[in-house]
Amino acid sequence: MPVDRRQNKKIRGGRILIPKWMRALGISFVSYMFVLFVIIVVVTFHARDFVFGRAAAITAVYMTALLIYFAVLFVVFKRKIDASK
Amino acid sequence: MNILFMLASGLGAAVLFLVVACFIFSRQILLRWYHAKKASFDDPLYMQMLKLAKDAGMPVAGLYFVESHVVNSFSVGNRKNGSLVLTTGAIERLSEEELSCMMVYEIAQSRGGRRLREIAAVIAGILTTLPIVALWGAVFTGFGQEYEPAPKLIKFFVTSLFAPPAALLIQITSPESVKYEADKYAALLCGSDAAIEMLSKVRDQESWDANPSHAPLFIANPLAEDEIYNTLFCTCPSIEDRIKRLEGAGY
């Protein structure tokens, strides 16, 4: 199997193979985005008004926390799971 | 605002209660989780375990059996109050020497003192049970049968939310060096040939539907590799690597 050493990703048949744990994290990221959507919907229904500034503020806070959380997950899993193989 | 504060404090109190309960009862919870049955005092395997524990120089509280066709084992408790759990598959398929080797391995694991890992496994185990709760919740609220797409999708969604924090907890509390140390100890007491044979038999078996968060407690990863979220809980070094180390060391 050829290995692109510069990017350290396995390539098969011209397609980059993403490790399963990375795919799992990707799916989780999308799921957490769905939670953000639900939060904005609940807040909007509760206030009976859509205020763009408020939705943007919620998104900014949520996304910052989410990105930090996923950065930690990525670092830990990369060290632990890749090391055990 | 008052409702939010009450909700937050209620959640905080529940989490605190859960952590304290896990800290005190983690051993019992794990034994109950797998319906482990205690071996009687006149069981030959119990006698064998006592002898091995004496050779290893540490007390062991009890030997338990779990009904499963796979070859695997785990240990719970600490240095003073450790318990070994063997699957019935291990008892049926392993030779006496290999079984001794497996028990020494688990005694060595208890020796290392893995209280934190055990507590983390119980807490993360509760998180990884939530998707099953969601699946049955969906079934009972009219989303369809458990094999239909809607409950399965709900289960997958809940898994994608709770598996990463559970796996993070497991990964940061499970050093893989413990496995190598226990392998070394088993090889020293029973011989490297028996240890290698035992590990080979553990490797050549089908997966077990155990809770993913409990995977690091087992002698080898019991989970199916085709489940995408199981890969997050993989803390055991590969058996090939462990066998190579044992062969290289030549105990």
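Modeller: One term before we start: a residue is buried if 20 or more other C-beta atoms, placed from the backbone, lie within 10 Å of its own, exposed if 12 or fewer, and partly exposed in between. This is a predicted model, where local features need pLDDT of at least 70 and side-chain atom pairs count only at pLDDT 80 or more, while totals for chains, interfaces and linings use all residues. Residues are numbered from 1 along each chain as its sequence is written, with chains lettered from A and ligands numbered from 1 in the order written.

Biologist: Okay, chain B. Which pattern does chain B follow along the sequence?

Modeller: Elements here are DSSP runs numbered from the N terminus: helices are H or I with at least four residues, strands are E with at least two. Chain B has nine helices and four strands. Reading along the sequence, you get α-β-α-β-β-β-α-α-α-α-α-α-α.

Biologist: What radius of gyration does chain B have?

Modeller: Its C-alpha trace spans about 65 × 35 × 35 Å along the principal axes. The radius is taken over C-alpha atoms, and the globule rule is 2.2 Å times the number of residues to the power 0.38. For 251 residues that rule puts a compact globule near 18 Å, and chain B agrees with it at 20 Å.

Biologist: Among contacts in chain B between residues at least 6 apart in sequence, what percentage join residues at least 24 apart?

Modeller: Contact means that two C-beta atoms, placed from the backbone, lie within 7 Å. As background, 44% of the 251 residues in chain B count as buried. For those contacts, the share that joins residues at least 24 apart is 64%.

Biologist: B:Ala138 next: buried or exposed?

Modeller: B:Ala138 sits in helix H5 (residues 115-140) of chain B. Beyond its neighbours within four places in sequence, its contacts are B:Phe143, B:Ala150, B:Pro151 and B:Ile154. There are 21 C-beta neighbours inside 10 Å, so B:Ala138 counts as buried.

Biologist: How far apart are the C-alpha atoms of B:Pro165 and B:Ala124?

Modeller: B:Pro165 lies in helix H6 (residues 149-173) of chain B. With 16 other C-beta atoms within 10 Å, B:Pro165 is partly exposed. B:Ala124 is 41 residues away along the chain, yet their C-alpha separation is 7.9 Å.

Biologist: Over to chain A. Which element has the highest mean pLDDT?

Modeller: pLDDT is the predictor's confidence in each residue, from 0 to 100. Chain A averages 86, with 82% of the residues scoring at least 70. The lowest mean, 49, belongs to strand S1 (residues 3-4) of chain A, and the highest, 94, to chain A's residues 20-47, helix H1.

Biologist: How far apart are the end C-alpha atoms of H1(A)?

Modeller: A:Trp21, A:Ala24, A:Leu25 and A:Ser28 are the buried residues in this helix. An α-helix has 3.6 residues a turn, so residues three or four places apart point the same way. At 1.5 Å a residue, the 28 residues of H1(A) should span 40 Å, and the ends agree at 41 Å.

Biologist: What is phi of A:Arg48 near?

Modeller: A:Arg48 is in the loop between H1 and helix H2 (52-83) of chain A, and is exposed with 6 other C-beta atoms within 10 Å. Most residues other than glycine have a negative phi. A:Arg48 has a positive one, near 55°.

Biologist: Last one: how many residues of chain A are in contact with chain B?

Modeller: Chain B brings 16 residues to the interface. They divide into ten nonpolar (Ala, Val, Leu, Ile, Met, Phe, Trp, Tyr, Cys, Pro), five polar (the others, Gly among them) and one charged (Asp, Glu, Lys, Arg). On the chain A side, the number is 16.

Notes
The expected span of a helix is 1.5 Å times one less than its number of residues.
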